[in-house]
Amino acid sequence: MTIVEDNRHLRGALLPILHALQEEFGYIDEEAIPLLATALNLSRADVHGVVSFYHEFRREKPGRHTIKVCRAEACQSMGANALVDHIKSRLQVDFHGTTADGAFTLEPVFCLGNCALSPAVMIDENLHGRVSPDRFDELAAETRTNPHAHNQIPRALSHSHKGHAQ
Amino acid sequence: MSGHLITVFVPRDSAALSVGADAVAAAIRAEATRRDLPLRIVRNGSRGMLYLEPLVEVETPEGRVAYGPVTAADVAGLFDAGFLTGGEHALGHGLTEEIPYFKKQERLTFARCGIIDPLSVEDYRAHGGFRGLENALAMSQAEIVKAVTDSGLRGRGGAGFPTGIKWNTVMQAPADEKFVCCNADEGDSGTFADRMIIEGDPFCLIEGMTIAAIAVGATSGYVYMRSEYPHATATLRHAIKLAYDEGWLGDNIHGTDRTFHLDVRVGAGAYICGEETAMLESLEGKRGMVRAKPPLPALEGLFGKPTVVNNVLSLCSVPIILDKGGEYYRDFGVGRSRGTLPFQLAGNIKNGGIVEKAFGITLHELLYEYGGGTITGRPIRAVQVGGPLGAYLPPSQFDLPKDYEAFAAQEAMVGHGGIVVFDDSVDMAQQARFAMEFCVAESCGKCTPCRIGSTRGMETLDKIIAGKNVDANLTLLADLCDVMVDGSLCAMGGMTPYPVRSAVKHFPEDFRKKQHAVRVTHIAAE
């Protein structure tokens, strides 16, 4: 487990390690929990408690793309609830579900920080504003055909994205 | 202008990206190549006029000229209109700094945001960057703390605690190690100022944190970012790397004996981690459970050590205070609310964005003079001020001056300066229910009034909305709200009742819709 070795020197290492595992594998496998407990000198209950506390950590493999749709007040004021209904019916999934073809996992989120251009949706790490139902359909179709069509984090920054060991 | 490359600015702020800024930048580059016109594209932060994004600017001898909102399809037309020399076009707004929305603001914290290349140390320095830190490096710890105290700066995260007093406590605490932690867990709906400044002027935060560290004697610090802000996280991490490379972070900062190491940690989608003690638990790698206070984090914070915990905007206000002096900053504002606050106009608003103004401006000015009313063109019925734990206010309250005390007197809060606008199609009983539902989802579960109270509150509101025993249930709801306010450990349970109570108080008719409908049906049946 090089991810554990690379990060265990950090103070408060559990969250950075969980993020790194999820980035690598897409979710936190049940089998990782006792390994992390041993490596970090924690109880399995401690590790389980952290994994289950945070909404972001998944226990099951997600679809190829994650769609986060904002449910918070600013987006509500611009029709987010109707957009959520549209997305659920279009993708035939409920929140936390994955489409039958494995393309998308749908997650609710409270605020993406795009509150002046509501409603907002994030597909993988790419943010979209003023998302009407039609615009959502376009974005979903584009993501299926070209997963990198909307990459917003420049390549030059993506290595910094992982952080630097200090 | 021969031999001088024309500079075009296309923002890299994620709000601008969310409406196609990358495609616009690519189209400008392609069109310039096609026409054999050499130009330089700078990816700046946002000017904060989000309703105009993507806002393209062109450098001219008279100043920067603005065009927006621009789509990739508009680009060829802009070239035809001679936008590279500031030519007229339907999307043109003239000089950016003469646009009334921008011109009337008082930009202190956001002075550089949208102007510079966020990842150029050279650009940052050319616009006054690191001058505050240079001054601080030549000052004693007590002198730095005094400058911040004199400025009257209060925490911009919502609670409004005087920053200088907090720093003084940490400075005086004896310890072998101290920390500076920046709370960048900007989870309140309607707020995006932290994200914008981190993406648009990240060195400002790094400078503010380094000054704080020198002032209190801390050698390590963390920025706690939201996982919902991947772009801001990438930008900040890159900026920190550049600051290390240039000797503004690390051991012996610029040849002095001061040391400060800074790292970024990312949360994992828990709203409660915006509460400072929950954030500290999360930084320690634990569940984000709220701690009882005392002990104050200033004395026993991260890993049990004295810790400064400040919001992004508080820390970003520090460089200018150390550059121009505490008095300069204090001269803005009213009463005990000094300086400026970047207000954020959000939701159903025509001209959404950042409006940095001195305290004392009214909601009415913000909503109509800057915001231009709703985007749907319908009347504003309610605004929620200060995030999901803030009160809903009706138009009759729009003349309240925005300062901490005037708002507190109305059981409202200035908070982080976020203002979410709703038109007359809003159902306030549903909004009250959502406040409880949000607390159910986000409570850390440590104290009973918050964990159980929110669930009972949601159930009671469901009954009220369904028209069942409305009077009795409203009384029960009021009682439950009292218990949550008085008995919760932190603001999560303690303030969730604010939006609920204010909705009931100002919009009582929305809680009796079904009751009336039920009564009418009964009468008809008789």
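Student: How many Å separate the centres of domain 1 of chain A and domain 2 of chain A?

Tutor: Domain bounds come from an automatic or database domain assignment, and in this predicted model the centres of domain 1 of chain A and domain 2 of chain A, taken over C-alpha atoms, are separated by 29 Å. The assignment places domain 1 of chain A at 2-53 and domain 2 of chain A at 65-145. Chains are lettered from A and ligands numbered from 1 in the order in which they are written, while residues are numbered from 1 along each chain as its sequence is written. Because this is a predicted model, local features need pLDDT of at least 70 and side-chain atom pairs count only at pLDDT 80 or more, whereas totals for chains, interfaces and linings use all residues.

Student: What pLDDT does chain B average?

Tutor: The predictor's confidence in each residue, from 0 to 100, is called pLDDT; chain B averages 94, and 97% of its residues score at least 70. The model as a whole scores ipTM 0.95 and pTM 0.95.

Student: How many residues does each chain bring to the contact between chain B and chain A?

Tutor: Two residues are in contact if their C-beta atoms, placed from the backbone, lie within 7 Å, and here chain B gives 58 residues and chain A gives 44 residues. On the side of chain B that touches chain A, the largest share, 8 residues, comes from helix 11 of chain B, where a helix is a DSSP run of H or I with at least four residues, and a strand a run of E with at least two, numbered from the N terminus.

Student: Which residues touch the most other members of the largest nonpolar core?

Tutor: A nonpolar core is a set of buried Ala, Val, Leu, Ile, Met, Phe, Trp, Tyr and Cys residues joined through C-beta atoms within 7 Å, and a residue is buried if 20 or more other C-beta atoms lie within 10 Å of its own. The largest core has 205 residues, and among those that touch the most other members are Cys181(B), Ile197(B) and Leu205(B). Helix 10 (residues 202-216) of chain B supplies the largest share of this core, 11 residues. Not counting residues up to four places away in sequence, Leu205(B) touches Cys182(B), Ile197(B), Ile198(B), Val312(B), Leu315(B) and Cys316(B).

Student: What percentage of chain B is buried?

Tutor: Buried residues make up 57% of the 526 residues in chain B, and the secondary structure of chain B comes to 22 helices and 16 strands.

Notes
A residue is buried if 20 or more other C-beta atoms lie within 10 Å of its own, exposed if 12 or fewer, and partly exposed in between; C-beta atoms are placed from the backbone.
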